[in-house]
Amino acid sequence: MDKRTFIKDIGLIGAGVLVGGKSFAFKWENLSMAPFQPDPLPYDFTALEPHIDAETMHIHYSKHYQAYIDNLNKAIVANPAYAKQDILSILKNVKPTESALRNNAGGYYNHSLFWKWLSPKATPPSEKLQKAIVAQFGSMGNFKKEFAKAAAGVFGSGWAWLVVDNKQLKIVSTPNQDNPLMSFSEAKGTPILGLDVWEHAYYLKHQNKRPEYIETFWNVVNWDVVSADYSKLA
Ligand code: MN
């Protein structure tokens with residue numbers, strides 16, 4: 001792509017960066033959309049103790065999450081056609097071969113969801129969601145069992161999800177940082193709850209015992225948020 005096409009694509013017309021034919025630098029301030037920023041964590045790193053330890057939360061949020069965001073912003077500079085899209089459009093439009101964008105847009109979005117689905121104060125699901133879970137999975141206990149099975153069954157790194165697909169609850173999983181909203185994802189639906197089963201999410205406290213981490217997850221699920229998301233979709 002030549003400079004003129006590049007500038008047109010990212011809407012830099014009039015920025016004067018070609019004056020004198022000098023080198024061109026991508027400038028976020030010239031775009032309508034700012035680079036992606038981390039969502040604030042709605043609680044302290046220590047707040048989910050003893051279920052999720054503070055050191056894991058600190059490294060997960062400050063290092064891993066930040067790295068996805070930094071690399072997402074770099075990937076957008078390298079793919080300026082995405083520069084004016086919000087994260088949901090990027091997830092929908094990214095191609096499976098656009099690895100940097102796929103992995104880091106997913107990494108950014110999946111973690112932004114994950115933080116808000118956790119809470120130091122466990123709340124029960126809404127009556128409407130509880131009824132739907134019982135109708136779909138037989139009981140709350142059986143739902144947790146099936147979700148745990150999906151989470152334990154992810155080979156390597158990935159996520160287990162509770163999604164709403166055509167108003168129906170489903171448990172699915174995705175590899176790496178894929179999200180069911182990506183057009184090429186085999187798992188379909190809109191996530192209303194998800195569990196990060198990358199080793200970075202649990203290894204400091206639970207080492208190889210992923211099922212122990214999955215079990216403890218239920219103590220810190222923010223069902224208020226999950227229920228609110230559910231009622232928008234079903
Ligand atoms: Mn993670």
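This is a predicted model: local features need pLDDT of at least 70, side-chain atom pairs count only at pLDDT 80 or more; totals for chains, interfaces and linings use all residues.
Two strands count as paired when DSSP finds at least two bridges between them. Strand S1 covers residues 158–165 and strand S2 covers 168–175. S1 and S2 run antiparallel to each other and are joined by 8 bridges, so they meet the requirement of at least two. To find your way across the pair, look for Val163, which sits opposite Lys170 in S2.

Now follow the chain around the turn. The hairpin of S1 and S2 has 2 residues between the strands. Asn166 lies in this loop, and its phi is positive, near 50 degrees, although the residue is not glycine. How buried or exposed is Asn166? Its relative accessible area is 73%, and because exposed means over 50%, Asn166 counts as exposed.

Gln207 is another residue other than glycine with a positive phi, near 50 degrees. Its relative accessibility is 31%, which falls between the 20% and 50% cut-offs, so Gln207 is partly exposed.

Where does Pro50 sit? You will find Pro50 in the loop that links helix H1 (3–9) with helix H2 (54–78). The peptide bond that joins Glu49 to Pro50 is cis, with omega at about 0 degrees.

Definitions and conventions
Residues are numbered from 1 along each chain as its sequence is written. Side-chain values use heavy atoms; hydrogens and water are left out. Helices (H or I, at least four residues) and strands (E, at least two) are DSSP runs, numbered from the N terminus. Buried means under 20% relative accessible area, exposed over 50%, partly exposed in between (1.4 Å probe, protein chains only).
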